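Q: Could you take me through this model feature by feature, giving the general idea before the particular case?

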Amino acid sequence: MRTINLENGMPSSLEAMTTLNNRIYAERATGARCVKIIHGYGSTGHGGTIRKACRQKLLEYRRRRVIRDLCAGEKLGPFCEEGRRFAEVCPEIRSDIDWGRENPGITIVLFK
C-alpha cells in the first residue's frame with residue numbers, strides 16, 4: 001500500500017495540508033485503490049493539529065468525491081465493520097503493519 005507521510009520534516013499544519021492535497025491528486029492519478037496517510041496523533045497525546053486538519057480535509061474530499069471514503073486508523077482492523085469493509089475493497093490493507101493496531105496516527109483513503 002502506498003503511503004503519504006505528513007509528519008516528515010515536522011511541517012506546519014498548512015505545509016502538511018499542501019502536501020496532502022498534492023499527493024492525494026497524484027496518487028489518484030496513478031490509479032491507486034488506497035493509500036495510507038501518516039499524520040501522527042500529536043506529542044501531547046490529545047490529538048495534533050495535522051491530524052485534525054487532515055481528517056477535515058479528507059471529509060471535504062469525500063463530499064466533493066475526490067476520494068471514495070476514509071477510515072480512521074482507530075477502526076482499521078478485523079474487529080471493526082469499517083476496517084473489514086475497507087479490507088474487502090483493498091485486500092493489501094490486511095498485510096499493513098497498522099492492521100489491527102488501532103493507530104490514531106493514520107488514516108486510510110479509498111479512491112473510486
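A: Strand E1 (residues 2-5) is joined to E2 by four bridges, and the two run parallel; two strands pair if DSSP finds at least two bridges between them, while helices (H or I, at least four residues) and strands (E, at least two) are DSSP runs, numbered from the N terminus. This is a predicted model, in which local features need pLDDT of at least 70 and side-chain atom pairs count only at pLDDT 80 or more, whereas totals for chains, interfaces and linings use all residues. Residues are numbered from 1 along each chain as its sequence is written, and side-chain values use heavy atoms, with hydrogens and water left out.

Q: Which residue stands opposite Asn5 in E2, and which hand does the β-α-β crossover have?

A: Asn5 has Ile38 opposite it in E2. A crossover is right-handed if, with the strands pointing away from the viewer, the path from the first strand over the helix to the second runs clockwise; here the chain passes from E1 through H1 to E2, and the crossover is right-handed.

Q: How many bridges join E2 to strand E4, and how many residues of strand E2 are buried?

A: Five bridges join E2 to strand E4 (residues 106-110), and these two run antiparallel, with Cys34 opposite Leu110 in E4. Buried means under 20% relative accessible area, exposed over 50%, and partly exposed in between (1.4 Å probe, protein chains only). In strand E2 (residues 34-38) four of the five residues are buried, so the strand is largely enclosed by the rest of the structure.

Q: How should I read the aromatic pair that the structure holds?

A: Rings of Phe, Tyr and Trp (its six-membered ring) pair if their centres lie within 6.5 Å, and planes under 30 degrees apart count as stacked, over 60 as edge-to-face and the rest as tilted. The structure holds one such pair: Tyr25 and Tyr61 are edge-to-face, at 6.0 Å centre to centre with 80° between the planes. Tyr25 lies in helix H1 (residues 13-29) and Tyr61 in helix H2 (residues 49-63), so the pair ties together parts that are 36 residues apart in sequence. Tyr25 is partly exposed at 33% relative accessibility, whereas Tyr61 is buried at 1%.

Q: Where does Ser12 lie, and how far is Ser12 from Thr49 in space?

A: Ser12 lies in the loop between E1 and H1 and is partly exposed, with a relative accessible area of 34%. Ser12 and Thr49 are 37 residues apart in sequence and 8.8 Å apart in space, C-alpha to C-alpha.
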